[in-house]
Amino acid sequence: MGPNERRQEIMETLCHRRQETMANLAFEFGVSVRTIRNDIDCLSLSYPLETIRGRYGGGVRVMDGFYMNRKYLKPEQKELLERLGAQLSGKDLAIMNSIFNDFALNK
């Protein structure tokens with residue numbers, strides 16, 4: 001497994017578990033803790049990851065609300081859809097709600 005494949009797997013693992021220690025990730029992927037730290041540094045440039053210091057509670061976690069392969073709207077896009085949705089009913093409202101479900105929105 002190359003570095004890019006490992007990093008993709010690390011992100012999938014973190015999105016599923018939400019938080020994990022670097023030592024556990026190193027063991028699971030068969031690499032050193034230093035390699036995992038480098039991977040996390042690289043991943044944090046593109047993904048909302050947070051490292052947590054601490055001997056037992058430390059590690060890395062994915063920010064709340066983030067999931068892989070989801071599309072996200074900008075705040076102004078979300079606000080516009082919410083304003084438009086307040087004026088809808090019936091089938092149109094159902095379609096608008098499906099848009100909110102397709103995008104990772106916190107209504």
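Predicted model: local features only at pLDDT ≥ 70, side-chain atom pairs only at ≥ 80, totals over all residues.
## Burial and surface

A residue counts as buried when its relative accessible area is under 20%. The chain exposes about 7600 Å². Carbon and sulfur atoms supply 49% of that area.

The chain carries 16 positive side chains and 14 negative ones. The centres of the two sets lie 3 Å apart.

## Fold and overall shape

The secondary structure consists of 5 helices and 3 strands. Along the sequence they follow the pattern α-β-α-α-β-β-α-α. The chain has a radius of gyration of 18 Å, whereas the globule rule gives 13 Å for 107 residues.

The box around the C-alpha atoms tells about the dimensions. Taken along the principal axes, it is roughly 55 × 30 × 20 Å. Contacts also span the sequence: of those between residues at least 6 apart, 50% join residues at least 24 apart.

## An aromatic pair

A pair of aromatic rings is described by the distance of the centres and the angle of the planes. The chain has 1 aromatic pair. Its members are Tyr47 and Phe66, with ring centres 5.9 Å apart and planes at 65°. An angle over 60 degrees counts as edge-to-face, so that is the class of this pair.

Where do Tyr47 and Phe66 lie? Tyr47 is in the loop between α3 (33-43) and β2 (49-52). Phe66 is in the loop between β3 (59-62) and α4 (75-85). The pair therefore ties together parts that are 19 residues apart in sequence.

The two residues can also be placed by their cover. Tyr47 has 25% relative accessibility and counts as partly exposed. Phe66 is buried, with a relative accessible area of 14%.

## Arg6 in helix α1

Arg6 sits in helix α1, which covers residues 3-17. Is Arg6 buried or exposed? Its relative accessible area is 10%, so Arg6 is buried.

Which residues does Arg6 contact, beyond its neighbours within four places in sequence? They are Met1, Phe29, Val31, Thr35 and Asp39. Leu84 lies elsewhere in the chain, 78 residues from Arg6 along the sequence. The C-alpha atoms of Arg6 and Leu84 are separated by 42 Å.

Terms used
Residues numbered from 1 in each chain as written. Heavy atoms only, no water. Phe/Tyr/Trp six-rings, centres within 6.5 Å; stacked < 30°, edge-to-face > 60°. Helix = DSSP H or I, 4+ residues; strand = E, 2+ residues; numbered from the N terminus. Buried < 20%, exposed > 50% of the residue type's maximum accessible area, 1.4 Å probe, protein only. Rg over C-alpha atoms; globule rule 2.2 N^0.38 Å. Contact = heavy atoms within 4.5 Å. Areas by Shrake-Rupley, 256 points an atom, 1.4 Å probe, with all protein chains shown as cover. Lys, Arg positive; Asp, Glu negative; His and termini not counted. Charge placed at Lys NZ, Arg CZ, Asp CG, Glu CD.
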